[in-house]
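Biologist: I would like to learn how to read salt bridges in a model. Please take me through some cases.

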Amino acid sequence: MHKKSKVIFFSLILCSSIFADQIDKSMNIIENTNNKLKNYQNKINNVENDREELLSKYKYTSTELKNTKIYNNQLEKIINSQEKELKDINQQLIDIEKTQKNIFPLMIKMVESLKQLVKMDTPFLIEERTNRVEKLEAALSKSDIKTAEKYRIILEAFKIEYDYANSIETYQDKIKNKTVNLLRVGRTALYYQSLDLKDYGYWDKSKKTWIEIDDSSAKSNIRKAIKIAKKQQNVDFLNLPFLTLKDSK
């Protein structure tokens, strides 16, 4: 080979070798760069994921905080309302306690007046009315009966006494150990009739005794009134002796 040609050949080989090395280095640089870029991208992706997660948590926390504020505001209103109701209840309890202190002496006086009424009134249904008063007296001392209930049964007893004035009834009882038919007209007139229909009389309130009736017309009217009270005869006009009659004095 010509000497000049050899020099050129070896020069080409050397250049090729150097160029190959440069290519390899470039490829390595590119690969390393790509790896770094890949790592950077992974980090960016991770950061983005973290950002999305943090954003989601922020939105959730923000919503929860908003709901909590709404709940707290509502709860505050409820508490304020309950405090007002509690004050009202406390005041009601105070008023009830004052009312009970005032009403209990009143109930005692009412029962006592009812007792005196039965004692001084026309003596009809004495046992029934006396028992009613005694039950009222016993009820006043019972702790298991509420004040309102005590007051109710006292008023009920007064209503029963009031209703006597607007009714007529007949029943059997004893006068001087003798069973008779008694006729009550309202609460002002009380008559008796013997079971053999022979003896008649009426209660004289001023003298507090029984007065015998001899008048045949009065006896007939008493018999008629007893039948009316028993619903054995229609209501009719009655001519009965009362305390205002001269023959009752």
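This is a predicted model: local features need pLDDT of at least 70, side-chain atom pairs count only at pLDDT 80 or more; totals for chains, interfaces and linings use all residues.

Biologist: Which side chain does Lys 115 meet in a salt bridge?

Modeller: Side chains of opposite charge can pair when their charged atoms come close. Here Lys 115 meets Glu 137, with 3.5 Å from N to O. The two sit in distant parts of the chain, Lys 115 in helix H1 and Glu 137 in helix H2, 22 residues apart. Glu 137 is partly exposed too, at 30% relative accessibility.

Biologist: With which residue does Glu 169 form a salt bridge?

Modeller: With Arg 184; the closest N and O atoms are 3.1 Å apart. This pair links strand S1, which holds Glu 169, to strand S2, which holds Arg 184.

Biologist: Is Arg 184 buried or exposed?

Modeller: The cut-off for buried is under 20%. Arg 184 has 2% relative accessibility, so Arg 184 counts as buried.

Biologist: Where do Asp 199 and Lys 178 lie?

Modeller: Their side chains meet in a salt bridge at 3.4 Å, N to O. Asp 199 is in the loop between strands S3 and S4, and Lys 178 is in strand S2, so the pair ties together parts 21 residues apart in sequence.

Biologist: How many salt bridges does the structure hold?

Modeller: It holds 13. A network of salt bridges links Asp 121, Glu 128, Arg 129, Arg 132, Glu 161, Arg 187 and Lys 205.

Notes
Residues are numbered from 1 along each chain as its sequence is written. Side-chain values use heavy atoms; hydrogens and water are left out. A salt bridge is a side-chain nitrogen of Lys or Arg within 4 Å of a carboxyl oxygen of Asp or Glu. Helices (H or I, at least four residues) and strands (E, at least two) are DSSP runs, numbered from the N terminus. Buried means under 20% relative accessible area, exposed over 50%, partly exposed in between (1.4 Å probe, protein chains only).
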